[in-house]
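Please read them alongside the sequence and the coordinates.

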Amino acid sequence: MKNMLEAFGKNYFSELELKSRVPSSIFKEFKAVQRGEKELSISVAEVIANAVKNWATEKGATHFTHWFQPLTELTAEKHESFISVSSDGNILSQFSGKELIKGEADSSSFPNGGLRSTFEARGYTAWDISSPMFLRGPEKAKTLFIPTALIGYHGETLDKKVPLLRSINTVTKEALRIKRALGDYKSSKIDVTLGIEQEYFLIEKSFLEKREDLMFTGRTLFGSLPPKGQELSDHYYGALKEKVEVFMAELDAEMWQLGVMAKTKHNEVAPNQFELAVMYSSANVAADQNQLCMDMIKRVADRHGLAALLHEKPFEKVNGSGKHCNWSLSTDTGENLLDPENVSKGNLDFLVFLTAIIEGVDRYGEVLRVSTATPGNDHRLGGSEAPPAIISIFIGEPLQELLENVDKINVNKTKTESIELGTYNFPKIPKDSSDRNRTSPFAFTGNKFEYRMPGSSASPATPVFMINTIVADILREYADILEKIEDKSTINDEVIKLVKDRYNKHKRIIFNGNGYDDAWVKEAENRGLPNLSCTVEALPVYKKDSTIELFERNGVLSREELNSIFVIYTERYNKQLKIETTTAIRMARNEIYPAIMRYMNNIATSIRNIQEALGSDYEQCVAGDKKHLLKVINGKDHLRSSLAELEKDFAEAISIKDQYERAKYYNSHVVPRLKHLREWVDVLEHLCEKSLWPFPVYEDLLFKL
């Protein structure tokens, strides 16, 4: 790669690039459209389309695609060439404003939850002007990617982007109302900022190809822990292996060329687990860039003979992978609305926004929880590695003490504490307003909230539009109160009164302790906090009246759209469990059982050969072998009976017509059967000769790289 500064942004169409290629009047109108002040005219779109087409073809592009995010957690694209034929038969390169603004897709082929009938196929992709276009593909056959939203023929949302954009609009609108009510007339725009930490595993690609479970489900349905796991904490932040370092260097280069500010990379807790963190940007762009990151991690890994695993729990009893979403609000004047340092300047805005978030998460904790409800995340949440399924907020003792005594606040406090290391050759370190709590699902981490529950394979758009909507709803209530204050000289007193009242009503959601402790489950119950422990318990939240009213009130999702999401995610759960169950049955019956039979036959043959060689003296020599053979036979019998029970319950599950009833049956009957089958397979793995075991084991997957 060339100098990284020269390579950065090589393949993305920045606003600076647009500005250099279009008349200033066109660029000004484009910016006005971005700010929501004007509608995009076809004449402006024509000029922009021609400019971006020229830029793309100069760099080797032959096609363009409207790149969108259907409700599959993945992205979708249909490539169209720039080639066109004129009326006189000449071949030319053409890209119109209409082609830039709108595309068409078969919407009935994507999950729609009943919003579209199979015969109602028309769906539209609409250009998202807030997210930059970019190029991908081989040097001489690149494609121009145009970030778009997918909507149905009647305007219903069929993707992740539309609710995210709607939620950004509503939360920024209400946040600006708060700022105006509190006397800020300099800020003209609020931005939702997001920084995403993406965790993933790497394994040798050849190992993945030898395991049906990894190929079809993304996780190991069988596998026992090796003698060494992660207990020595020697992988976290450890030195990168050369093979991984080379992979990461290429990954960084690819992301930088796309204009994605890949910033941090390191070893994670589990063996062969890693993390990539991207610098903060606006939430919509950050969500798009995370989709690019996930796809690029897989592509680059493949080039290096590796396979990237983005499943939330690829390995049983080994730390799973999350996607930490660091969320905040900022103004166009550079103010972070969640920076507690502002309080020391006599500015109480921070307390208003902090209290609104606390109240919103308390009132709509179930909504926040369902945003992370996926089959993969069921294996991760609640273990001593990830937040529990109980929603709570960590703000730290200093901030909690501030809120407890908000009526005694000293707005003139300016002193900043520091940490002294006790040695002369280290400087003092400024002390943050709170420590960090890695067990909390929603933790304040200095000047933002870190939502740690989302799973590694999921789109960040869902949890972020949930947060936006929840916070917007409370900010609207606060704005309604603050705007009615006629005597602005009393605004600080009224703010303190509001903060004190709402904090006292909703402080049950604050928990600064150890979320991994079993005692927290009981304490949360006593506080009245819901514990939706799995996806099946969480999914009905989408259909609750309070949820529907929340999203309709804020113009983010309609009743019909929420119901479609419930249907889609319920069907997704059932399909995923069907794939996992079918795969487990095939592996157990067609690979593991025959391997065990061969091993038993080998032992029996060895015993018989020893008997023939030693005659009557053989008993003492083979006593241990017979005992071992009996253990294997016992395990084999349990395997066979567990398999039969699983097949019986699986047949019952797929016979259930109602999708949610089927999901409940999967959760209550099939999932426990899968676990029971796994237990016996893992016992047999330890008993069986390794060379006969039919696929790579955890030692191979976690320590050979």
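1. In this predicted model, aspartate 106 stands opposite arginine 122 in strand E7. Strand E6 (residues 102-106) and strand E7 (residues 122-127) pair in the antiparallel sense over five bridges, where pairing requires that DSSP finds at least two bridges between the strands. E6 has a covered face, formed by Gly103 and Ala105, and an uncovered one with Lys102, Glu104 and Asp106.

2. On conventions, residues are numbered from 1 along each chain as its sequence is written, and side-chain values use heavy atoms, with hydrogens and water left out. As the model is predicted, local features need pLDDT of at least 70 and side-chain atom pairs count only at pLDDT 80 or more, whereas totals for chains, interfaces and linings use all residues.

3. Helix H15 (residues 461-482) and helix H19 (residues 545-553) pack with their axes 10 Å apart and at an angle of about 80°, and are therefore roughly perpendicular to each other (65 to 115 degrees). Their contact (heavy atoms within 4.5 Å) involves Phe465, Met466, Thr469, Ile470, Asp473 and Arg476 of H15, together with Leu550, Phe551 and Arg553 of H19. By class, the residues of this contact are five nonpolar, one polar and three charged.

4. The structure holds 55 salt bridges, each defined as a side-chain nitrogen of Lys or Arg within 4 Å of a carboxyl oxygen of Asp or Glu. One network of salt bridges links Glu174, Arg177, Asp473, Arg476, Asp480, Glu483 and Arg553.

5. Two salt bridges may be described within single helices. Arginine 299 and aspartate 295, four residues apart in helix H10 (residues 283-303), about one turn of the helix, have their closest N and O atoms 2.7 Å apart. Lysine 664 and glutamate 661, three residues apart in helix H22, meet at 3.2 Å, N to O. Lysine 664 is partly exposed at 34% relative accessibility, a term that covers the range between buried (under 20% relative accessible area) and exposed (over 50%), with a 1.4 Å probe and protein chains only; glutamate 661 is partly exposed too, at 39%.

6. Which parts does the salt bridge between glutamate 316 and arginine 678 tie together? The two side chains meet at 3.9 Å, N to O. Glutamate 316 lies in the loop between strand E14 (306-309) and strand E15 (323-331) and arginine 678 in helix H22 (residues 659-687), so the pair ties together parts that are 362 residues apart in sequence. Arginine 678 is buried, with a relative accessible area of 7%, whereas glutamate 316 is partly exposed at 31%.

Definitions and conventions:
Axes are lines fitted to C-alpha atoms, for helices over the stretch in contact, and angles run from 0 to 180 degrees between N-to-C directions. Angles under 35 degrees count as roughly parallel, over 145 as roughly antiparallel, 65 to 115 as roughly perpendicular and the rest as oblique. Ala, Val, Leu, Ile, Met, Phe, Trp, Tyr, Cys and Pro count as nonpolar, Asp, Glu, Lys and Arg as charged, and the others, Gly among them, as polar.
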